[in-house]
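Hello,

Here is the structure I promised to pass on to you. Have a look at it first, and then read my notes below.

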Amino acid sequence: MAKGFSATTVKSWFQYRCERKVRYELSSDEELASIPVVKDVREQSWAILGKKFEDGIVDALGALVLKPRRDERALSESLTAAFLKGQRTERYAAQVNLFPRNTPPFLQDSGLFLNRNIADLLRINPSASRPGSSELTIIDIKATRRATPFHKAQVAFYVRVLEEVIREMKHPNLMVSDQGEIWRIADHATAESTEYDVDRFALTPYLRLVDDFCANVLPDIARKKLGDGVDETFFHVYFKCEQCSFLEHCRRSIGPERVRSLRDVSAVAGLTHEAKRTLNKRGVFNVGQLASAEGLGRMPGLSWSLSKRAPLLVTRAKSLAADAILRTEDEHTYLMPAKIDCALLISVDHDPVDDRIAALGYARIENGKPVRRPSIVVPITGILDDERDALIVVLSELIMDLGQIDDHNLAIDEGRSQAEPLFAHIFLYEPSEAINLQAAIGRHLDSDAIRSGLLHLVRLFPPEDVVPEPEFRGVHHLPATALRSVIEQLFALPVAVAYDLRQVSQAVLGPGAGAYTPSPEFERPFSSLLSIEVIRGLRENAAKAQSRESIAQDVDARLKAMQGLISWLIEENRSATEKGIPLLRLAKRPFRFQASFDPLNAIDLDILLACELLENRAGLLESLVNLAKPFQRRRDAGRSLAKINRDRDFKGSQWGSRRFIFKVPSESREAELSSGDMDLILHDDAPDLRLNPSLWQDIACRIVDLDPPLPPNQICVEVRKQVLDSQTFQALLDRTADDGWFIDRAFFDVNSQRAASFISYLGREVSA
């Protein structure tokens, strides 16, 4: 039976890359019922919002646009033809009915036919390149902040259909523009306004994608068999599936009604579409099969990514199959300290439509107990003023608490107090929350309060060139941790698909024991952040909207669950430390602000310097995270020469330097380290050495290219005299076996210090 499709099918493929979703969308109700599949036909809030946004823009165009009659969903074929032939005075046509009468060439012999395609807007202009001709431009209106590739692919498909309509009209003076347009929510506006920004793009690359899909991909998908007990479609359940109408059907394959070991392999968190395809080709279809796939990473034909992640995926499958918390191969993490007197918890919910903060929560936990009620702000609109006010309220409280802790520790340093010093650390759950908070702060740098707050936050990172006290140098003040990253690095949990706070806290703490257990209105399958339905319901004052109070209660519940997870991690670290293998290795000192910036007298140059230093510290933290991984992971990622064998040494090219020749085992010969790298360290893989930036200068080295070159299994490394003479390196020489050496890339930023010095110089010139 022939199957019909439209531009929505094309968009769906490029958005989800899901064979099953496309095949189901090609199916009749009878076919779906035979599987059986129940489609969720409820209109999603994002679809309702998109229709409102589109209608608002079309209405704002007024008499410039030709619209369908009131009782019609799309422009009639007669009005569409009149518009295309230039017989109408309007410049735009809305809801244009693009329906060629014949099968287009790109669908010949495919067994498929076109359903009606309705383009949001079509613009007609006199052609600049062909006098006497008219040029048509396809415009798609999207209630989004960013025009994505799948939006552009949809426009490209409309263009192909429009070309066929024009061909059938045999109108020689009509041409289609080689550019498409997406009209989206304006950067400075909210979704409720009719203001829009235009994203123009070249159609050629997207036309190639659409042509290939229609010719080579779609026909194969359409031939997949469906029926009673038969479903040949490939699928993969992951976070993007949340908006799919067929989600509940696919979730049964990983749901609690199935025996754990027989659940589809999609249940394993972190598995990708392509990884699942590869596993299926090798006979791995369920959790139990993956759990028993020891040596998976050594299978021939695996992608680089899958082969490197294989041990972690196998461990996660074992955890799911056994319903047990297991340790990963990572011995420790540099992302979290072991001692925390004051945990400062932040929760950030983001509205992707308005691109604004939807809810902001903060709690101070001291010695395991809240100091006061959490500060939770839920902006009721998406306007910038509301977001700015929320940031000021919450971040001011955070900065106030940091100031109190700083005063407490300063009194101890100056001998005015005999109290115990306080160790403070900031926590979020998702890394994305930190990104969204950073972006929100960036939207309000014109606010004096936000600007001074930014500088306060920079004072959490003492820059080494302006802090004289050696105990404040380095990374002892790396201030924040994303809990999810710590848990993913150290533990495999019996959770499905996503490491969201609900699943993780219930697996670790147990339901009812401080875990996050949302009410049905707030529960999501793959994330614990506020859903778009909850956010838009509040902002649009929908009939069934959740109140600000109920949203605040949900944020509060998440903050409490974070507190429980922190306590659990600290207890796990205590137990591991007793066995001599500590998990949490971030060495922090009692919290102190660095005093080089004066936030109350901030100028633009201070902001610029703050941003430069933040970028530097982010790079340093990334390097430490990489160095904290086991050497096998570092080696296989091309970042480490592991277990190289010291062969001989001789005098170096510089006064007092020494050159060492190492034999490189075959496993390390693909490392992407070269003589051009200025950030290399030579060590014995001891974590106390490789994870301590203050010692990197004592183990620094560089790779040297000799003439004539060494054979492929050897490498020459030069060590400067200052390094050779250091106690650290001498101790390294004494204790390291000949075959126990490692070379890793650490962190070297030649620009930050120069940029900071230049900005400081400009600041002195301004003040003079």
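Helices (H or I, at least four residues) and strands (E, at least two) are DSSP runs, numbered from the N terminus. This is a predicted model, in which local features need pLDDT of at least 70, side-chain atom pairs count only at pLDDT 80 or more, and totals for chains, interfaces and linings use all residues. Residues are numbered from 1 along each chain as its sequence is written, and side-chain values use heavy atoms, with hydrogens and water left out.

Let's begin with the loops. Asn541 sits in the loop between α17 (532-539) and α18 (548-578). Although Asn541 is not a glycine, its phi is positive, about 55°. With a relative accessible area of 67%, Asn541 is exposed (buried means under 20% relative accessible area, exposed over 50%, partly exposed in between, with a 1.4 Å probe and protein chains only). Asp323, in the loop between α11 (304-322) and β12 (326-327), also is not a glycine and has a positive phi of about 55°. Asp323 counts as partly exposed, at 45% relative accessibility.

Next come two cis peptide bonds. One runs from Ile35 to Pro36, with omega near -5°, and Pro36 belongs to the loop between α3 (29-34) and α4 (45-61). Another joins Asp707 and Pro708, with omega about 5°; Pro708 is in the loop between β25 (700-704) and β26 (714-719).

Finally, a strand: in β13 (residues 333-337), five of its five residues are buried.

Happy exploring!
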